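Here is a structure to read with a few questions in mind. How are its parts named, and on what grounds?

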Amino acid sequence: MKRRTFISSSATAIAVLSHTAQSEAASEKSGTKQAGTPVFAGMSLKELRNRYHSVLFDEYLPFMDKHIIDHEKGGFMCNASPDGTLISTNKRAVYEGRGIWVYSCLYNTCGREKKYLEVARKSVEFLLRNKPEGDSMWPGSFDKDGNPTSPPGTSVNADLYIADGFAEFARATDDRSYRELAREITLKCLRVYDRDDYGTDVGKGYLGPDAPLTPGIRIMDDWMLFLRAATRLLEQQPDPDMEALAARCVDTIMNNYYNPRFGLVTEILNHDHSFPDNDYGQVVNFGNDFQALWHVMDEAARIKNRELFDTAAERLRRHIGVAWDDVYGGVFTMLRHVDENRWELGKAHYAQVETLVGLMMITEHTGADWTYDLFTQIYSYIEETFLLKKYGYPLWILGSDRKVTFNPKSTRIGNFHQPRHLLLNLAALNRIIERNGRVSGVFG
């Protein structure tokens, strides 16, 4: 379906958001600097920090502990209704990797409480019962006891999330064997990914069953995950292979997937990194772009490359502006065809919160004034539309139509994007508060 005329410049792309933010500047939802002090959605840094803390510890974690975590067998049973009633006790490999990261990060950044580490440990042990041999991937799903219920995956996606989880678990346990395992998984995935025949049918998920077959298609989502895994491993110790991989990922995302003709990061390339000459070359997945760009910013901060950081930050700003829904608010997730202006009009919760991670990162490292209004608009939109409290349930809507209509028959509980957003921004807010609002100084 088509929506408004495609916006062609960064300045214009933000115009609607800036106008709306200005009209709210005097309201309780304003996002500004008052006497040099950041204010987000009418809240001071400490108030926003406390709100993040409450959502994480008073709402999310108790729900997960009561309904989703398998304390006996280990792992996460995410197939559940909004009230926590389990629809199935099956567990998916990708959600195990994600959950391991979340609970390991909880232990690492929120007081080192053993109960969080124990949740991560049991999931690690659950996965290792089915550790694949050679260059095979983990089975896609398991029953409650850990018996595979699907064959080994053909995508590197789940295994890269597992690598990310194991890397964070290694940091929590100070056990280098898990770091080496995360490294081994990452390099295995790279070997598989570089094969000529990898990804033959992956585009069907974006364009439907009639999409043309193009051998060796590459999706940007994979490079985003490779970069995240490499950066996490490099934060623990030097590693030439991971340095090379991180540099390759940054170059690929910023120079190959970025199409200067319309100023957006596309989702699909040919195996040789050329743009497809069919509809594949017109796909933009904003949900992935928001993540990839802050992953690049995170890597830029690690290597202290201010130019790279600023370029990624400005591209994030543009992507938010292009994806913004002028009528109902929030960002769309998928642009099916740039030149024909065909949009998928559904709204995904993860796409909204991933913008907030990037905006907070820019605030922490540069103090750029433009982040406050954007953060405020998106944060306020999420609070008004995605929270399930008004329907009598905890947590949030994961995905819906353009107006974010609640579906009481939804069947999944998210165990990654929202808690990761809460953890990363909570940590960033604590650091900013400790510096009395000053920027990080990571770039000198």
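**Strands and helices, term by term**

Val-284 stands opposite Leu-335 in strand 11. This is a predicted model, in which local features need pLDDT of at least 70 and side-chain atom pairs count only at pLDDT 80 or more, while totals for chains, interfaces and linings use all residues. Residues are numbered from 1 along each chain as its sequence is written, and side-chain values use heavy atoms, with hydrogens and water left out.

Q: How do you know that strand 10 pairs with strand 11?
A: Strands are DSSP runs of E with at least two residues, as helices are runs of H or I with at least four, numbered from the N terminus. Two strands pair if DSSP finds at least two bridges between them, and two bridges join strand 10 (residues 284-285) to strand 11 (residues 334-337), which run antiparallel.

Q: What makes strand 10 and strand 12 the edges of the sheet?
A: The open sheet has three strands in the order 10-11-12, with antiparallel pairing. Strand 10 and strand 12 each have a single partner strand, so one side of each is left without a neighbour in the sheet.

Q: Why are helix 11 and helix 15 called roughly parallel?
A: Their axes, lines fitted to C-alpha atoms over the stretch in contact, with angles from 0 to 180 degrees between N-to-C directions, cross at roughly 30° and come within 14 Å. Angles under 35 degrees count as roughly parallel, over 145 as roughly antiparallel, 65 to 115 as roughly perpendicular and the rest as oblique; helix 11 and helix 15 are therefore roughly parallel to each other.
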